[in-house]
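Hi,

Here is the structure I said I'd pass along. Have a look, and then read on for my notes.

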Amino acid sequence: MPKIPLPAESRMNEALRQRREAGAFRILRQNHTLIDFCSNDYLGFVRSSLFKQKLDKHLRSYSSAGSTGSRLLSGNTIFAETLESQIARWHGEEAGLIFNSGYDANLGLFSCIASRGDTILYDALSHASIRDGIRLSKANAFAFRHNDVLHLEERLKESAKNGGQIFVAIESVYSMDGDFGLLDLISALCEKYGANLIVDEAHATGVCGKKGEGLVERRHSVFARVHTFGKALGCHGAIVLGGVVLRDWLINYARSFIYTTAIPSSSLAAIAASYELLEESAGEREKLNTLIHAFTKETKVFGIDRLLPSASPIQCMLVPGNEKVREKSGQLVKAGFDVRPILSPTVPEGTERLRICLHSFNTTEETRKLAQLLVSVA
C-alpha cells in the first residue's frame with residue numbers, strides 16, 4: 001500500500017521540486033579520489049602524520065574521551081579551561097570560551113550580546129551564522145555594503161542618534177569572495193563612534209599573520225573575535241576571544257553554549273594538537289602563499305570581472321547561473337579536480353561561482369594545470 005504523504009511532506013516536496021527546477025538542489029557527494037581544491041584544510045593538518053602523533057599524545061593524557069553533559073553541569077574540565085586560557089594568550093587576548101562549532105559560536109555571541117535598543121551593523125557578505133545570530137537578537141540590525149566604509153559611517157551616524165550600544169560585525173577573510181575585511185579603516189570608524197567591533201577570523205586562522213594568528217592585531221580595538229578550528233586547523237569547534245567580562249556574559253547568556261553537551265575531550269585534544277602544530281607550520285604558510293601568487297598570475301587573463309580579487313587561499317571565478325556553474329564544475333571533476341560550484345541562493349543570483357581553495361599540499365604543477373583548465377573551459 002503506497003504511503004500517503006503527510007501535509008508537511010507535501011509542502012516540502014513542492015519546495016524541493018521548485019529548488020530542483022531552479023538548479024539549486026543540494027546533495028551530499030564524496031570525491032576522495034580527486035585532487036583537493038575545495039576543502040578548508042589549507043595547511044594539510046587533516047592529512048598530517050605529525051598532527052596525528054600530537055593528537056595521540058594528548059589523548060593518552062586524558063582518561064575520558066567523552067563529555068558527560070553541558071559545561072555548566074558535568075561537562076566542564078580542567079583541560080577545557082586550561083586550553084581556553086592558552087589559546088587566549090596565544091592570540092594576545094584576555095580570555096576565551098570554546099563553543100562546539102563556529103556556527104554555535106556566532107549564533108550564541110550575536111543572539112545575546114546586544115539588548116533591545118542596541119544596534120548591530122553587519123557587512124552584507126557576513127556568514128549565515130552571524131546573520132542567524134542577529135535574527136535571534138532583540139537589537140536593531142542593518143547591513144552595510146560589503147567593505148564600504150562610507151556606507152558604514154552613514155549607518156554609524158544614524159545609529160548613534162538612536163542611543164544604545166552599537167556593534168559592528170565583519171570578517172577578516174570573507175568565505176565566499178576570499179577578500180580581506182578593511183580592519184584598519186573599520187576599526188578606526190568604530191573608535192570614532194564608540195562602536196564595539198566583532199571580527200570573525202574563521203578563514204584567517206592558521207594562514208594569516210606571522211604565526212597563523214589571524215589578521216586582528218593589537219593595534220586594532222576589537223570587542224570580540226571568533227576563531228574556528230574547522231578550517232586550517234583541521235579539527236572542530238571554535239573559540240570566542242575577548243575580555244573576562246565577555247566570557248562571563250557568554251557563560252550566562254549564550255544559549256548555544258548553555259543548552260548543549262560540552263565538546264568532548266577528544267576534540268579538545270585535537271585543538272591542542274593543532275595549536276602545537278601551528279607553531280611549526282611557517283613552511284606550509286610560505287608554500288601556500290607561493291601557490292596563491294602562482295594561481296593568480298596564471299588566471300589574470302580573466303580580469304576582476306570574472307576572477308574575484310583575492311590574496312587568500314579562497315579564489316573564486318564567477319560563472320553566472322546555477323546550471324552553467326554546475327556544468328563547469330563537472331568538467332573540472334572529469335579532469336580529476338575537486339572544485340565545487342557555489343549556487344544561488346548561497347550567493348546572490350547572478351554571482352554563482354567556482355570556489356577554488358588552495359592548500360599547502362597542492363603541488364605547483366597541479367595548481368598550474370587547474371589554472372590552465374579554467375582558462376580552457378571558461
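In which loop is Asn147 found? Before the reply, one caveat: this is a predicted model. Asn147 sits in the loop between β4 (140–144) and α6 (149–161).

You'll find Thr68 in the loop between α2 (49–60) and α3 (78–90). Thr68 is exposed, at a relative accessible area of 65%, since the cut-off for that label is over 50%.

While you're checking the backbone, go to Ser344 and Pro345: the peptide bond joining them is cis, with omega about 20°. Pro345 belongs to the loop between β11 (340–342) and β12 (353–357).

Then there's a helix pair to look at. The axes of α4 (residues 102–112) and α5 (residues 128–135) come within 7 Å and cross at roughly 30°, and the crossing is right-handed. On the α4 side the contact is made by Gly102, Tyr103, Asn106, Leu107, Phe110 and Ser111, while α5 brings Ser129, Ile130, Asp132, Gly133 and Ile134. By type, the residues of this contact split into 5 nonpolar, 5 polar and 1 charged.

Cheers

Technical notes. Residues numbered from 1 in each chain as written. Predicted model: local features only at pLDDT ≥ 70, side-chain atom pairs only at ≥ 80, totals over all residues. Heavy atoms only, no water. Axes fitted to C-alpha atoms, helices over the stretch in contact; angles between N-to-C directions. Helix = DSSP H or I, 4+ residues; strand = E, 2+ residues; numbered from the N terminus. Left-handed = near helix turned anticlockwise from the far one by under 90°. Contact = heavy atoms within 4.5 Å. Nonpolar A, V, L, I, M, F, W, Y, C, P; charged D, E, K, R; others polar. Buried < 20%, exposed > 50% of the residue type's maximum accessible area, 1.4 Å probe, protein only.
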